[in-house]
Amino acid sequence: MSDSWQGPGERNPQGVPSGSGWERQTRPPERTQQQPHPAEQIPQPYPPEQAARPHPPEQAHRPHPAEQIPQPYPAEQAAKPHPPEQAHRPHPAEEIPQPYPPEQGSQAHPAERSYQGRPQEPHPYAHLPRQVHRAVSHGELAAPRAEPPVVAGPAAPAPRAGATEAPEVPAAREASAPAPEASAAAEAETSGSRRQARRRARTRGKDGGAGDGARTRPRRRRRRAGLLKVVAFCVVTAVGGLLLLRGNELLDRLGSPTAPDKAAGTPTPAPDPPDPGRVLQVVAHPDDDLYFMNPDLRYSISAGRPVTSVYLTSGEADGINAGAAKAAVTKPDKPAYAEARQNGIRAAYAKMATGDRGSPWTRTVVPTRGGGQAEVDVLVAKPQVNLVWLQLREAGTVYDSAPDSLHGLWDGKVPRLDSMLASGSPVTQKFSYSKDQVVQTLVGVLEQYRPTTVRSQDPTPGRYHDTKRYTDHQDHFYGARFVQLATAAYAADVTDRPHFAVQNYAGYINGSLPSALDPDEAREKLDILGTYAWLDQQNHCNSPAGCGDLKISDQPGGNRWSDSINYTRGTSTSWLTSDAGHGLWAFKVLDGQVALWHRPGPAGRWKGPDLLPGTGMDPGVSTVTLPDGRIAAFGTRTSFGAKPTDYTREVVYAVQKQPGAEEFTQWQSLGTPETADETWTSDISAPAVSVDGTGQLAAYVRDGANSLRGRVQRADGSWGPWEKYGGTDLHGSPATATDGAGRRMVFSATSKSVVGWTQPKPGEPLGQVTATGLPDTTLPLTADGREGGVRLWFRKPGSGNVRTALITGEGGLKVSQMTDLGGLQGFGAVTASGHVLAGRTAGGQLGSEAGPGRPWERSPVLFVGAPSSTTTGKGMVSLAVVGLDARLYVTSSADAPNAHLAPWQPVGPRNAPPSP
């Protein structure tokens, strides 16, 4: 790939425009040639569902050593239940409060020496689309413009061997019936006896054409007429079914006056290739992506999706790149340790993308919109994989005050935050950023890559209720808040861009929750962490700083972080709903606003996405149908305010103006049970909403103290105050539904089980919190009223299998019919409507079961957040996801025992960036 390097300003096959305002340094950056590790020379790319390679048994779990508090973290057994709020010992060197030493001079990058041969040009992924760049090298030579490959449409299938042409239409044959003599001649050809044919022709002539052949023709006509009726019935049935599933597409085709006439020889244009979507993830430190966003990261890379990871800080910690045994005798070197972590990340990504940790990268210096410089790395073998290093200074402590940090910059304790350049980086000029410059730098990165999915850490992780310490690293969640500001500015200021969805990930708290990954997925994740940790210590990268992060080599899995992954927002499964006319309504957050898709009736044309007015919306929408048939949508909204302490997250809702209308009211605020951001970091869950048998609407959230809070709407439309319903150690978002008697039930997962609340009678307040006795579950829960009670769906820890139980409320909560439904492993929310059950599988696609006892099937769609499903009328179930391309995909099935899901259909136009 390096010998045929594409010049800037081109459009790559994935549809990402290149050439940008990230002007490249005139000095051509050189590529660091990494020697592949002999044992890892696997030429084929990483398959999506590769069997997990064996990994050495995991040692006792300890937190990330670079963030560890001086005393060692106690070892844990994987099977031993984790205390619900155990303090996480993060990266050890980030906990050391020693003063920050003067920054050491940047060492010359080994590849900066004079390069003999073709100058290295940055790949299109690494440059913004607005300005076309001129490739400048030692001799002012411009790189040749590489033409993008032509995407051909699907070729017509070749006829199979032995296949015959389709018979003529019977009606056409009747209209041009041959003469008797011609019929005789034809029969003679098929019989092989001309003499017998002439005899039959004479006989027919004598009888005036009223012989056996004449008597046979009416019977043939009747058979043909019957066949025509059967064919017509099948066609009508098929068209009706297609209209139900693909109404929009077929209506467009049938109603188009300019549809091409295939019979006239007009060529049919090739369909647009599917948009794979572009993923951009922003994390605070090198390895946050491997710990908290994998296996989603690996799924995206394995599927060939363009993936870019942005690292806000260098993660220099205390500068000691050594395990516990050698830490005391290792000299601190912050730039070198930052380089070692970069080398480890490059090795881990190369292994995920190609199977070879030594696969080379091209490293480039680009100016940022904030006035500094960034290093952009492009994987030569898979140029859709990019790394962007912003190289700011990290806090060096998880909880304690550190003015020179993202936290300090956000709060205004320092006016600017300095860079911390890795010793091996081609960036050699130091810089510093103000708060606004950090935001503008991220806006420039977003404009460069134009993602359709943005992954970020959790901006509101909360505190432990006993120690009041953050449950996550301060760099993690303040970095995520910078991402919130940047995505809001990008959505407002850049209009010629694709829609994008946001996914937030839990951090250190994963170590206190049941394991979400099955053993194979956990081993795969740990294997990649082992590559990053440089376990064999072979110098495959030819760097004096080292080829990975030895701080975590004693325990690459961290504090059980390799066993889990959890989303902190966007886990609701009620964002797809139906109306009385069998229409469908879908609500998801795109560009910081709630996007609405609508299909009127069972076979109407889909509309959308249309963005409802109001910005600042967090990922995740829950819907409920009111007694008068209107739909109400609930979510949370983040406001930043004039001062840093004004950061607020509140519950909001909008209501349909009338049943079936596409107009909704303005967003109305229910406020928040939190008193101030500083108290619990605005850590409230997404709202769970339901209507009881009296028509009373209520919304419930988990608050920052890990208890249940709720507001109930009064008969006059006003809302009561935030009530306290108790509960401790609650995690994730609550789930609520109404049973057959109209009683509202609410459920929440803890680190060990599930607890619940129920109304004694419809219209009455919730009763006391009650233990269900269910085993520990992964997050989140799904609840649906059926079978006279409320059925819960959840997953088995360490397995991914889907489980279900029926809860009844007569005389208090009672649990029955606890069943393991199996599945295709995976993690995250499960949606259930009618006979259809669906959830994320190992590999990242959607798995579904179309009836009890039926085998699970895997869809081809990689998606964001949670799936959603709903019944439409009495006989259909609809299922929907939003793909990594931020596009809605839907399918349907008859609500019958032996039904199958129809093929997935995209809704709306292709979500691709505009042509430059």
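**Helix packing and the disulfide**

Modeller: Helix 7 and helix 11 cross in a right-handed way (right-handed if the near helix is turned clockwise from the far one by less than a right angle, left-handed if anticlockwise). Helices here are DSSP runs of H or I with at least four residues, strands are E runs of at least two, and both are numbered from the N terminus. This is a predicted model, where local features need pLDDT of at least 70 and side-chain atom pairs count only at pLDDT 80 or more, while totals for chains, interfaces and linings use all residues. Residues are numbered from 1 along each chain as its sequence is written, and side-chain values use heavy atoms, with hydrogens and water left out.

Colleague: At what angle do the axes of helix 7 and helix 11 cross?

Modeller: Roughly 145 degrees, with the axes of helix 7 (residues 334-354) and helix 11 (residues 519-533) coming within 7 Å. Axes are lines fitted to C-alpha atoms, for helices over the stretch in contact, and angles run from 0 to 180 degrees between N-to-C directions.

Colleague: Which residues make the contact?

Modeller: From helix 7, Arg341, Gly344, Ile345, Ala347, Ala348, Lys351 and Met352; from helix 11, Asp527, Ile528, Thr531 and Tyr532. Contact means heavy atoms within 4.5 Å. By class, the residues are six nonpolar, two polar and three charged (Ala, Val, Leu, Ile, Met, Phe, Trp, Tyr, Cys and Pro count as nonpolar, Asp, Glu, Lys and Arg as charged, the others, Gly among them, as polar).

Colleague: And how do helix 9 and helix 10 cross?

Modeller: Helix 9 (residues 435-449) and helix 10 (residues 474-493) have axes that come within 8 Å and cross at roughly 60 degrees. Helix 9 is therefore oblique to helix 10 (under 35 degrees is roughly parallel, over 145 roughly antiparallel, 65 to 115 roughly perpendicular, the rest oblique). The crossing of helix 9 and helix 10 is right-handed.

Colleague: Changing topic, how many disulfides does a search of the whole structure find?

Modeller: One. Cys541 and Cys547 form the disulfide, with sulfur atoms 2.0 Å apart; the cut-off for a pair of cysteine sulfur atoms is within 2.5 Å. The link is left-handed, at -95 degrees about the S-S bond.

Colleague: Is Cys541 buried or exposed?

Modeller: Buried, at 2% relative accessible area. Cys547 is buried too, at 0%. Buried means under 20% relative accessible area, exposed over 50%, partly exposed in between (1.4 Å probe, protein chains only).

Colleague: What about the chain as a whole?

Modeller: The chain has 12 helices and 36 strands, and 57% of its 916 residues count as buried.
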